[in-house]
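Trainee: Can you go through this model with me? I would like to ask things as they come up.
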Amino acid sequence: MNLPSPFGMTLVCWSMGVFWTTLEAMRRRIWYDRAVRRGKLPRGLGPEKPSVLIVRPCAGAEPSLERTLSSLAKTRRTFDLRCHLAIESENDAAVGPARRAVSTLTAHGIDAEIVFTGGGGPNRKVAQLAAVANDADVIVVADSDVDLADVDLDLLIAPVVASKSVWVAWAPPVECAEPRTWGDRASAAVLGASLHSFPILARLDPRGLVGKLFAIRKNALNTIGGFGSLVGYLGEDMEIARRIHECGGSVVTVPIVARSLASGRPWPAIVARFARWLTVIRAQRTILLWSYPALFFATWPIVAVSLWLSFLEPFCGILSAALVLTTRFLIALFATHIAGRPIRLLGLLRDAVLADVMLACAFAHALRSRTVTWRNHVLVVDRSGILRESS
């Protein structure tokens, strides 16, 4: 029997790396769920309730905007809160749905208002947050497409209230809307049927933060410079996490998910969206960029090379292909279950292909250009990681 070639052994080791990384991510998620069930994480607030402000930055008329903004009235909580809907100008298409949502929230006893923020920097979302995040013990940021109905907000803010070492608590996002386009399907596949599913990825990268739905203590925000100091960053959430860890604080996830109702997005828009994410990685956590071809969309390159190698070295070729395909099916099944999506065999196979193709396209886009488009604004991330308006 001939010994495997160095190339064949490298391919097998690559497949094994994907396999063990995936198993470790699944193990950490399972142990986290066990800790939640055993009550080892903060779940409630004490008798002294903090003052809480929830900020919802809005831009444009999204399909479910009125529903998502009004969903705050259907949350579960034991504290009073105020709500600011941050909109750049009165000419924004979000104004109509926002006004109707304010009426709904007011009718449910919530102090809600629209705040027109104007401009303020290349990162429009952060400029909106800086304009409205005023005095409150805890500030909650919820993107405009997040459905808060039935969300237990006590779970979200309990960690930052219960422990001085916890500065931010965040909820991993998933997509729940019925897909209307192939872009919707691909986005849901990345976030709900791959290793890039944030409820799983959060266990692999405990230093990370995704700013879809998060709570931060006001004194912690002041310590890291406030939202106003973040308008020059494309990935303000990643920069918040970096500064917090640098200052000795910690960032934690909570056992809820941020359910996005975004829909109706074409394929190029989703490629651009994930390319923005990878551009943030490239600019602000460069070393992690290469984990994407190595882990997140490695399946089909490994399979292609394995099929070719199987004619020369059947053992290494077949072993690599079988291992990586089994791994991909397991993570698709596990992530789909965690996201609460229906499990169907053909759907898992479709999502496994769609997610990896989408990430590969976004990766190529992020390597090719530092220019990104957000809400019709063209922005450039320079080599130092700073965001600026494109000329």
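Trainee: Where is Ile338 placed?
Mentor: Ile338 is in helix H13, which covers residues 314–338. Keep in mind that this is a predicted model.

Trainee: Is Ile338 buried or exposed?
Mentor: Ile338 is buried, with a relative accessible area of 18%. The cut-off for buried is under 20%.

Trainee: And how far apart are Ile338 and Ile318 in space?
Mentor: Their C-alpha atoms are 30 Å apart. In sequence, Ile338 and Ile318 are separated by 20 residues.

Trainee: What about Val372, where is that?
Mentor: Val372 is in strand E11, residues 371–374. Val372 is buried, at 4% relative accessible area. From Val372 to Leu191 is 21 Å, C-alpha to C-alpha, and 181 residues in sequence.

Trainee: Now the sheets. What is the strand order in the open sheet of seven strands?
Mentor: The order is E3-E2-E1-E4-E8-E6-E9, and the pairing is mixed.

Trainee: Which strands stand at the edges there?
Mentor: E3 and strand E9, residues 250–253. Each has a single partner strand, so one side of each has no neighbour in the sheet.

Trainee: How many degrees are neighbouring strands of this sheet turned against each other?
Mentor: On average 20 degrees, with direction ignored.

Trainee: In which sense do E2 and E3 pair?
Mentor: Parallel, over six bridges. Strand E2 is residues 81–87 and strand E3 is residues 111–116. As one of the residue pairs, Leu85 has Ile114 in E3 as its bridge partner.

Trainee: Which helix makes a unit with E2 and E3?
Mentor: Helix H3, residues 95–107. E2, H3 and E3 make a β-α-β unit, and that unit is right-handed.

Trainee: And E6 with E8, parallel or antiparallel?
Mentor: Antiparallel, over three bridges. Strand E6 is residues 166–170, and strand E8 is residues 213–217. Ala169 stands opposite Ala215 in E8.

Trainee: Where do the side chains in a strand point, in general?
Mentor: In a regular strand they alternate between the two faces of the sheet.

Trainee: What is the order in the open sheet of three strands?
Mentor: E5-E10-E7, with mixed pairing. The edge strands are E5, at 146–147, and E7, and each of them pairs on one side only.

Trainee: How many bridges join E5 to E10?
Mentor: Two, and the strands run antiparallel. Strand E10 is residues 258–260. Asp147 is opposite Arg259 in E10.

Trainee: Change of topic: salt bridges. What does the count come to?
Mentor: The count comes to 21 salt bridges. One of them is between Glu175 and Arg273, where the closest N and O atoms are 2.7 Å apart.

Trainee: Which parts does the pair of Glu175 and Arg273 tie together?
Mentor: Glu175 lies in strand E7, residues 173–175, and Arg273 lies in helix H10, residues 267–284, so the pair ties together parts that are 98 residues apart in sequence.

Trainee: Are those two residues buried or exposed?
Mentor: Glu175 is buried, with a relative accessible area of 9%. Arg273 is partly exposed, with 25%.

Trainee: Which helix holds both Arg243 and Glu239?
Mentor: Helix H9, residues 236–246. Arg243 and Glu239 are four residues apart, about one turn of the helix. Their side chains meet in a salt bridge at 2.9 Å, N to O. Arg243 and Glu239 are both buried.

Trainee: Which residue does Asp351 form a salt bridge with?
Mentor: Arg350, with 3.2 Å between the closest N and O atoms. Asp351 counts as buried at 3% relative accessibility, while Arg350 counts as partly exposed at 31%.

Trainee: Last topic, helix packing. What is used to describe two packed helices?
Mentor: The angle between their axes and the distance between the axes.

Trainee: At roughly what angle do H6 and H10 cross?
Mentor: Roughly 30 degrees, and the axes come within 7 Å. Helix H6 is residues 182–192. That angle makes H6 roughly parallel to H10, because angles under 35 degrees count as roughly parallel.

Trainee: Is the crossing of H6 and H10 left-handed or right-handed?
Mentor: Right-handed.

Conventions
Residues are numbered from 1 along each chain as its sequence is written. This is a predicted model: local features need pLDDT of at least 70, side-chain atom pairs count only at pLDDT 80 or more; totals for chains, interfaces and linings use all residues. Side-chain values use heavy atoms; hydrogens and water are left out. Two strands pair if DSSP finds at least two bridges between them. A crossover is right-handed if, with the strands pointing away from the viewer, the path from the first strand over the helix to the second runs clockwise. A salt bridge is a side-chain nitrogen of Lys or Arg within 4 Å of a carboxyl oxygen of Asp or Glu. Buried means under 20% relative accessible area, exposed over 50%, partly exposed in between (1.4 Å probe, protein chains only). Axes are lines fitted to C-alpha atoms, for helices over the stretch in contact, and angles run from 0 to 180 degrees between N-to-C directions. Angles under 35 degrees count as roughly parallel, over 145 as roughly antiparallel, 65 to 115 as roughly perpendicular and the rest as oblique. A crossing is left-handed if the near helix is turned anticlockwise from the far one by less than a right angle, and right-handed if clockwise.
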